[in-house]
Amino acid sequence: MNEYSISAPQIDFKARTEAAPYIPLLSVIVPTFNERVNVTKLFDKLGHALTGIDWEVIFVDDNSPDGTSDVVRDLAARDARVRGIRRIGRRGLSGACIEGILASSSPFVAVMDADLQHDETQLPKMLAALRDGQAELAVGSRYVEGGSADSFDKQRAGFSLLATGIARRLLQVSVSDPMSGFFMMRRDRFEELAPQLSTQGFKILLDIIATARGVLRTVEIPYRFGSRLHGESKLDSMVALDFLGLVLAKLTNDAVSLRFLLFALVGSTGLAVHLATLFVTLKLLNLPFAEAQACGAFVAMTTNFILNNFLTYRDQRLKGFAVLRGLLAFYFVCSVGLLANVGVAFAVYDHEPTWWVAGAAGALMGVVWNYAMSGLLVWRKR
Ligand code: GDD
Ligand code: MN
């Protein structure tokens, strides 16, 4: 038991229901994953930066193993301006931000990182720009006069600029730093866009700007991107993939999802694995063709499952015992997919006896089936 848990249950519910609703002017949404040390520091800094403003902070934690949620709860027991959301079985920066914003009733919401790399002293300026109606979105920018990203190493700086260039050109985004994770906006504007936003990936601001298609009046407020003092960055090489996925989805009006493309890509590596296994079992182990072909299919399904679990569904990765259950379900899905594949190919061949048209139609049917059913039965949303 800690010093706060004693006072927590003594809430006077009657007084609460009769009290006027308390809605702060500004909610600061902070996604966290393993930021135990940083949350308290950030809270103190917010307290200083936002004096005179009615504010709250909502930490959205994806069940961090380091117990970030416990620290948040302790803070909340001391100070009513602190709220926490603990998400279980889900990972993702964008999704966490979206849930945090939707949990707020304040007219203005800000998103910032927990690791003190964003400059909280810019929040009052952002708020002022929104309050006087000058803008609906205030972007913390490293790439306008007065801002900087000099804490980046060369590689990260290069990637950031490249991605910014691609986003600005392909998605016709005009702000200088759409990759920024630091911004403030009107909550009612966000609510309008929320159903179309992607919960996968890191690029929530880019998603908001691209989805709004230029209707959000925007200002950019310069800030210096600091260095992380405690804990580690969670950005890895997968971020590049997430970014491409978002660009693709926005360019095609959500018709093509990166998940489907990855699934199909993994499927085509399965073909290579299948042929290699066939070669080994047939030529080196001298198995009869039918057995060798079955081995090939079995090995290919297994490697496909592993790759999909690592890449395509990395945000819903199966672990522990669930891997075995998922693998068996995947074998089942793919076996039925094969029947669908052959069935469609036969039907098309009946009408149009061109081998590759029929073959391709069958394969397409197979991959669409496998994709749809895998999403339902193997990597189902918990
Ligand atoms: N809830 C939740 N779930 N939070 C997460 C997750 C997650 O899966 N991954 C990261 N976070 C939190 C971190 O705890 C941190 O507070 C914040 O999101 C940013 O994560 P970092 O891992 O520190 O990212 P970064 O510093 O490398 O990248 C930042 O700067 C980029 C600009 O170059 C982020 O703000 C990016 O969004 C931004 O594009
Ligand atoms: Mn960071």
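Trainee: Which residues come nearest to ligand 1?
Mentor: A residue is near a molecule if one of its heavy atoms lies within 4 Å of it. Of the 27 residues around ligand 1, those that come nearest are E35, D113, M179, K203 and K234. This is a predicted model, in which local features need pLDDT of at least 70 and side-chain atom pairs pLDDT 80 or more, while totals for chains, interfaces and linings use all residues. Residues are numbered from 1 along each chain as its sequence is written, chains are lettered from A and ligands numbered from 1 in the order written, and side-chain values use heavy atoms, without hydrogens or water.

Trainee: How many residues of the shell are nonpolar, polar and charged?
Mentor: Ala, Val, Leu, Ile, Met, Phe, Trp, Tyr, Cys and Pro count as nonpolar, Asp, Glu, Lys and Arg as charged, and the others, Gly among them, as polar. Here the shell around ligand 1 has eleven nonpolar, six polar and ten charged residues.

Trainee: Which side-chain atoms lie by an oxygen atom of ligand 1?
Mentor: A polar contact is a pair of N or O atoms within 3.5 Å. An N or O atom in the D113 side chain is 2.6 Å from an oxygen atom of ligand 1, and a polar side-chain atom of R228 lies 2.7 Å from an oxygen atom of the ligand. The protein buries 98% of the 740 Å² that ligand 1 exposes when taken alone, by the Shrake-Rupley method with a 1.4 Å probe.

Trainee: In what order do the strands form the sheet?
Mentor: Strands are DSSP runs (E, at least two residues), numbered from the N terminus, and two of them pair if DSSP finds at least two bridges between them. Seven strands form an open, mixed sheet in the order β3-β2-β1-β4-β6-β5-β7.

Conventions. Helix = DSSP H or I, 4+ residues; strand = E, 2+ residues; numbered from the N terminus. Polar contact = N/O pair within 3.5 Å; in protein donor to acceptor, adjacent residues only side chain to side chain.
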